[in-house]
Amino acid sequence: MTDPMIVGWSHTRFGRSDAPDTCALMAEAVPQALDHAGITAADVDGIFTGVFNNGFSRQDFQGALVGMAVPALAHVPATRYENACATGSAALHGAMDFIAAGRGRIALVVGAEKMTATPTAEVGDILLGASFHAEEAQIDAGFAGLFGQIAASYFQQNGDRSQELAMIAAKNHENGMLNPYAHMRKDLGVAFCNTISDRNPRVAGPLRRSDCSLISDGAAVLVLADADTALTMRRAIAFRARAQANDPLALSRRDMLAMRAARAAWTQALDRAGVTLDDLSLVEAHDCFTIAEMLEYEAMGLAEPGQGHRVIRDGVTHRDGRLPVNLSGGLKSRGHPIGATGVSQHVMAAMQLTGDAGDMQLTGATMAGVFNMGGAAVTNYVSILERVR
């Protein structure tokens, strides 16, 4: 079984879109991806759609919307995936398994979400669907409240790291300034991010608004092809390795600060790829909240448990550091339309590897890591990507 390769992509601008729904977002993104890959709708053997929804829209059956958005694709087998904030990566793995099993040569992975039409208070309730409702549904401030509890626990064990969280936010916003697809292209600076104010209020626990990712609309698309086909096309990005690992949904049944499954996914992917973090040029990580990125530093092996603050303090993950993290601005600046996020992360990494990242480009990028998680590190996906054509 050979994993397929990425041969094309597209990405809408994330943010508040005039597109009324996910179907319109798909109609914007899918034709661009086909053109980028140099194929037509007739070449597509399967469609794998990632949309979280859970109340953002009364229209569901989102897998079938791709065929409504692009009528030439209406008769192509299509399936919708949902795996909380890792919905896009779940759709990607489904497409990869489809090709690796020999069921088709070319597949589309379409990630989309329309969030901004929903009142903010309702967004919080919708996102809490990715928690264990029997125990966690009453947490104040929605999913931010859940990560606020995580941050408070981390601070209790390891000291107040508000300054370092502000440094992570500022780094990602500085990077996002260079990303034309980003929701918020604004350099906030550490001082603003570390100060409670009317523009940056406390949201939950020690987390401020600047510690939280954005409510965004957007779509991203990947075109995958089997290895033989990919090597005849314009470009080919290989998966040196991919991994998925899960933890129990309920926070009461695990140590969230340990991020055991995230650590396992990173270990499996690096081992399968036969590489170490030192071989990676960059990482696109899941910074739904700044505390998540700090914990991910520890999970991926950049720091020992409780020492993630040293990574940002030492500049390791800055653009000019040893392992730049979130050159795209991450979820914090690029935006976080739930179903599109995992697909977007892979697009951003692929652009770096082909030298097509524009102002975001890191000189000499050869191998990239991608980390996408669903819920509070319940389901965790890691990809190791490298360009072969």
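Predicted model: local features only at pLDDT ≥ 70, side-chain atom pairs only at ≥ 80, totals over all residues.
Trainee: How do you know that the radius of gyration of the protein chain agrees with a compact globule?

Mentor: Set the value against the rule. For 389 residues, a compact globule would have a radius of gyration near 21 Å. The protein chain has 19 Å, which agrees. Along its principal axes, the C-alpha trace spans about 55 × 45 × 40 Å.

Trainee: What makes up the secondary structure of the protein chain?

Mentor: The chain has 14 helices and 11 strands. Buried residues account for 63% of its 389 residues. Take the contacts between residues at least 6 apart in sequence: 76% of these join residues at least 24 apart.

Trainee: Why is His-93 called buried?

Mentor: Buried means under 20% relative accessible area. His-93 has 11%, so His-93 is buried. The residue sits in helix H3, residues 87-100.

Trainee: Which residues does His-93 contact, leaving aside neighbours within four places in sequence?

Mentor: The partners are Arg-242, Ala-243 and Tyr-381. Look at Arg-242. His-93 and Arg-242 are 149 residues apart in sequence, yet 8.7 Å apart in space, C-alpha to C-alpha.

Trainee: What makes Thr-22 count as buried?

Mentor: Use the cut-off again: under 20% relative accessible area. Thr-22 has 7% relative accessibility, so Thr-22 counts as buried. Its place is in helix H1, residues 22-37. Leaving aside neighbours within four places in sequence, Thr-22 contacts Val-51, Gln-62, Leu-65, Ala-112, Glu-113 and Lys-114.

Trainee: Now a helix pair. At what angle do H6 and H11 pack, and how far apart are their axes?

Mentor: Two packed helices are described by the angle between their axes and the distance between the axes. Helix H6 (residues 142-158) and helix H11 (residues 290-300) pack at about 55°, with axes 10 Å apart.

Trainee: Why is H6 called oblique to H11?

Mentor: Roughly parallel needs an angle under 35 degrees, and roughly perpendicular runs from 65 to 115. The angle here is about 55°. That makes H6 oblique to H11. The crossing of the two helices is left-handed.

Trainee: Which residues make the contact between H6 and H11?

Mentor: From H6 come Phe-147, Ile-150, Ala-151 and Tyr-154. From H11 come Ile-291, Ala-292, Met-294, Leu-295 and Glu-298.

Notes:
Residues numbered from 1 in each chain as written. Heavy atoms only, no water. Axes fitted to C-alpha atoms, helices over the stretch in contact; angles between N-to-C directions. Helix = DSSP H or I, 4+ residues; strand = E, 2+ residues; numbered from the N terminus. Parallel < 35°, antiparallel > 145°, perpendicular 65-115°, else oblique. Left-handed = near helix turned anticlockwise from the far one by under 90°. Contact = heavy atoms within 4.5 Å. Rg over C-alpha atoms; globule rule 2.2 N^0.38 Å. Buried < 20%, exposed > 50% of the residue type's maximum accessible area, 1.4 Å probe, protein only.
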